[in-house]
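Hi everyone, thanks for coming. Let's look at the structure together and walk through a few of its parts.

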Amino acid sequence: MSTDDPKLVPTDEQGELFCQLLERVHTEEVLKKQHYTPISARGYGARCAAGGVVQYREFIESPMPNENTARRQALVLDCEMVGVSEGHKELAFLVVVDFLTGDILINNFVHPTNIVRNWLTRSSGITCASMKAAVKDNLALRGWKAAREMLFEHMDSTTILVGHALHNDLNVLGVVHPTIIDTEILTADSVYRPLARRFRRTWSLKALANDLLGLKIQVDKRGHSALEDAMATRQVLLHCIKSPLDLEAWADEARSKEPPKPEEPVKEEPERDPWFD
């Protein structure tokens, strides 16, 4: 099968690909600027993170490596959320895919711990009926903590987590993780770094999949598919790594549409009173 097949990275190329991933892991400073939750946020106590239901004191760091337990090297993560009380959102679906192999490790409903006020079906793809069916058939994980435990079965602190606007997913899971590649950050950085500017905007996964891959996603009127989004995120990152000139061309075009940077006003020297000469 061709190495361009998004579902397959040949075994003999996975080591090199992992090294290329390591080169793209974001620094702690970058993650902080892009609203990722640090472990120090646990000091905020019972406050909830970014409109979710997980309290800061409930956040935990991903597990340390254990030589007796095999973990995946790189995972793609995508979550879907539903609306609960007071406008907060809670995890309702979790997808985890091995980035290197394309194996689907988790593709599960997550039964919310709070009463759902809005299923947000247009974005989540979840309905009350689909959740009830999953719970009845014992196919739904019991709350976000159970989902986090299942995620940790496949990873440790050295695992590279890949996602799009991944801070939102980690917040609904209550996870702090140091090794991250966010396609939202990666692509925006390719646009703004040459301009030496902060991100004026970022690009949606739907836009990136279309622009970089010619791939149409999120077109189903029944709502998003977390699995489709996770696979698209994987394909976008693979393309950025394998075809850096395509990413550069896309970034050049995006830069050409940016408004010019306003010139800083020239400070005029105040007139000097000849009395003091």
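Before we meet the strands, a word on terms: two strands pair if DSSP finds at least two bridges between them, and helices (H or I, at least four residues) and strands (E, at least two) are DSSP runs, numbered from the N terminus. This is a predicted model, where local features need pLDDT of at least 70 and side-chain atom pairs count only at pLDDT 80 or more, while totals for chains, interfaces and linings use all residues. Residues are numbered from 1 along each chain as its sequence is written, and side-chain values use heavy atoms, with hydrogens and water left out.

Let's begin with strand β6, residues 160-163.

Which way do the residues of β6 point? Ile160 and Val162 point one way, Leu161 and Gly163 the other, and all are buried, where buried means under 20% relative accessible area, exposed over 50%, and partly exposed in between (1.4 Å probe, protein chains only). In a regular strand the side chains alternate between the two faces of the sheet.

Now please find Ser62, in the loop between β1 (60-61) and β2. Ser62 is buried, with a relative accessible area of 5%. Its side chain makes a polar contact of 2.7 Å with that of His177; a polar contact is a pair of N or O atoms within 3.5 Å, and within protein one must be able to donate a hydrogen and the other to accept it, with residues adjacent in sequence counting only if both atoms are side-chain atoms.

Finally, the open spaces. On a 1 Å grid over the protein atoms alone, a pocket is an open set of points with protein on both sides within 12 Å along at least five of seven lines, and a cavity is a set where a 1.4 Å probe fits but cannot get out; lining residues have an atom within 4 Å of a point. Grid points are joined across faces, edges and corners, and a volume is the space filled by probe spheres set on the points.

The largest pocket holds about 710 Å³. Of its 24 lining residues, Val30, Ile185, Asp189, Arg193 and Phe199 are the closest to the centre. Helix α7 (183-192) gives the most to this lining, four residues.

There is also one cavity of 30 Å³ or more, lined by His111, Val135, Asn138, Ala140 and Arg142.
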